[in-house]
Amino acid sequence: MKYGYFDDKNREYVISQPDTPLPWSNYLGNENYFGLISNTAGGYSFYQDARLRRLTRYRYNNVPTDFGGRYIYIRDNKTNEFWSSTWQPTRTELDSYECRHGMGYTQIKSSKNAIESNVTYFVPNGENLEIWKFEIKNISDQVADISLFSFIEFCLWDANDDATNFQRNYNIGEVEIDKNVIYHKTEYRERRNHFAYFACSEDITGFDTQREDFLGRYRGFDKPCVVETGKSTNSVAHGWSPIGSHQINLKLKAEETKTIIFVLGYQENPENEKFEADGQTINKKYCSPIIEKYTTIDDVDKAFSQLNTYWDSLLNIFNVETQNEHVNRSVNIWNAYQNMITFNMSRSASMFESGIGRGMGFRDSTQDLLGFVHMVPERAKERILDIAATQMESGGAYHQYQPLTKRGNDAVGGNFNDDPLWLILAVTAYIKETGDFGILVEDVPFDNKPGSEDTLYNHLERSISYTLERLGPHGLPLIGRADWNDCLNLNCFSDEPGQSFQTTENREGKTAESIFIAGLFCYATNEMASLCDNINEEKIAQKYRALSLKMKEAIENYGWDGDWFLRAYDFFGDKIGSKECEEGQIFIEPQGICIMGNVGKNDGKAEKALTSVKEHLASEHGIVLLHPAYTQYQLRLGEISSYPPGYKENGSVFCHTNPWIMIAEAQMGHADQALDYYLRINPSNREKISEIHRCEPYVYAQTIAGKEAPSFGEAKNSWLTGTAAWNFVAITQWILGIRADYQGLIIDPVLPNDWHSFTIKRKFRDTIYDIDVEKSEIEKTTILIDDQIIDGNKIPIFDDREIVKVKIQVA
């Protein structure tokens, strides 16, 4: 492949050419400190919240692209030639280049003029800092005279304010320099108790903290005057744009290697211990031991080893060996890894999400949990309780909340009427995985208001009540501002530039109904019924099954269009997603979610709907969201019709929804079709068409341009998408058929015709299940444990064993 290749043994994607079609990125950090990093060291870092605690700047729409990052310039003092060890920002032609994106780290190697460099970026577990381990080697037979210049540009904490409030921000920048450490302390002496630091393990020749002194007038990052002249100015920032840069001069003998550690970190001090005795100087007693530790090579190597061990443990929880390399690679490495990233980030910070506009999504984060819960259940529990605490007393939800404050986002608000139901799916998935029914009686406030606490179980009940109290003329759920598709805005008639499509509520929301929410309601009430069965609440379980049945009848009576499920009724009571429509005749969402909610499985509707999906929506690059796409803006529909045909919600392959069809196909026994759809959007399988796909070939993108788009097959919005969790669910739980349940592990695979066998190792409640699945010439699928046949398809819980060997013979 032109740009790189998979190294499955080391769980890395290796990029061999720096000018990839788009920046191909990775993430650093798993807990509180995070970084986004591209294959040429672009990106930025933040603590907890990408808007409110941004450490470094990044310019999203800059030209050339991918500007702002973690740079190290190398200058040959004999020739006065200089270049970037990571290609960017100088973009000098290198003699060699290689970027390895791994699990929580990125390593970039390059060489030029007989100087080799290798920089490894990572965040140690449990720390609020990132390490740049920089190794430089002279491979010539002459002494090399080298100067190194590190570089980062500090953000003034609130990334939105940093990018807009220049009349203030050009005046507030402050730094301290103490030996080889640069401290960024803008606003520290007033309202903040946190600061950033940029440290170097070597004695430095010079430094710079004022951007214009480093770059020179009217210069860019590609040609800084300090690097060009080979001499730092020792500038001390007062206002303007503070940066961090160290100069290190080296004389390297032939074949000599030198290792230098750079540490970029975040530190908070107690309010009463912010300063030293002079009342001006930062109190460094808490950060100094950390800096000393991580500027020591042995401690850095130990931390990196611990990071790798951590990921070994996580990725060994679920491991498969099938006949398809793309399935194996995705399930065992990259899909699981992406699930961790989406759990951490929701939709807040990527190469397409600035970290400014969105916090953590209620709907997004609850779905992300479905692919993450088996990895770190205790963090999943914490997230569930955080999300539930933002729920309103009505049962409704803030559409987003800020990760730093954990409070609902008032600017966006609620009334996205599907949001509350996703909480049920997250909670039941967690309990199935862990057996922790105790979470149901945890006291959780509404809207984070003290004194409003109720049990988590009652939060779930209010999620159901919220829907039942908002039914429309056909007995179907009212859509509110929007349902899963934020761009189908049936009560928000936006007719002026700059108006919000989602929050401009200028119509009563008492007629526009969503068949999608109706199918999701059936799904959620079935899950509630099953939960109640397992907590000995049989009468309540019956109530939920009755509610599900009643909604199912409403869908069958008013949500069926003859060959597929309708999408919605609009404000005027007209159908959306119907043969009667000129455009937007069929939508993908209800075809998947209704079948997952057990609608239409016994009367032929499900089969008809899936046939219609194949006929009208399926393409070589995946299943498009709707067809035909809208060709002009329709005020009554909102944002969905604002996109050109084939893009985003207007007829792209919106990858998030594709797994719902995969699951539906698997549930109907169509193994080959389910796997076919899975492989069409699988990133690894699309690597060979990277010039078309353009996004990273190791993680899912949100969208792929649809068949009506000029750039059909081009992906956008990679990394942060519910596609990751749902594809993991589709392949592992429904095609491979291994899924957690309250009292055991269900084994119910649907084997494609050309698959003869597969194996899975699955850790479930502290026991390793070693599962061997193979086709056999038998009449009925059987499950054997220690060569003993068991009844049904559920493996019981074995608390007394470390390993249980299971053999499945599939008829």
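Reader: At what angle do helix α10 and helix α12 pack, and how far apart are their axes?

Author: In this predicted model, α10 spans residues 419–434 and α12 spans residues 515–533. Two packed helices are described by the angle between their axes and the distance between the axes. For α10 and α12, the angle is about 35 degrees and the axes are 9 Å apart.

Reader: In which hand, left-handed or right-handed, does α10 pass α12?

Author: The residues of α10 in the contact include L421, W422 and I424. On the side of α12, F516, I517 and L520 are among the residues that take part. The crossing of α10 over α12 is left-handed.

Reader: What residue classes make up the contact of α10 with α12?

Author: From α10, the contact includes L425, T428, I431 and K432. From α12, the contributors include F521, Y523, A524, E527, M528 and L531. By class, the contact has 13 nonpolar, one polar and two charged residues.

Reader: Which element gives the largest share of the largest nonpolar core?

Author: The largest nonpolar core has 245 residues. Within this core, I555, Y678 and I771 have the most contacts. The largest share, 13 residues, comes from α12.

Reader: Which residues are in contact with I555, leaving aside its neighbours within four places in sequence?

Author: I555 is one of the residues with the most contacts inside the largest nonpolar core. Contact here means heavy atoms within 4.5 Å. With neighbours within four places in sequence left aside, the partners of I555 are L476, I515, A518, G519, C522, W560, F565, C594 and V599.

Reader: Is helix α8 largely enclosed or exposed?

Author: Helix α8 covers residues 362–372. Its buried residues include R363, D364 and D368, as well as F362 and F372. Because 11 of the 11 residues of α8 are buried, the helix is largely enclosed by the rest of the structure.

Reader: Is Q107 buried or exposed, and which side chain does the side chain of Q107 join in a polar contact of 3.1 Å?

Author: Q107 lies in strand β10, residues 105–112. Its relative accessible area is 16%, and buried means under 20%, so Q107 is buried. Beyond its neighbours within four places in sequence, Q107 is in contact with E98, C99, R100, N118, V119 and T120. The polar contact of 3.1 Å joins the side chain of Q107 to that of T120.

Note on methods:
Residues numbered from 1 in each chain as written. Predicted model: local features only at pLDDT ≥ 70, side-chain atom pairs only at ≥ 80, totals over all residues. Heavy atoms only, no water. Buried < 20%, exposed > 50% of the residue type's maximum accessible area, 1.4 Å probe, protein only. Helix = DSSP H or I, 4+ residues; strand = E, 2+ residues; numbered from the N terminus. Polar contact = N/O pair within 3.5 Å; in protein donor to acceptor, adjacent residues only side chain to side chain. Axes fitted to C-alpha atoms, helices over the stretch in contact; angles between N-to-C directions. Left-handed = near helix turned anticlockwise from the far one by under 90°. Nonpolar A, V, L, I, M, F, W, Y, C, P; charged D, E, K, R; others polar. Core = buried A, V, L, I, M, F, W, Y, C linked by side-chain atoms within 4.5 Å.
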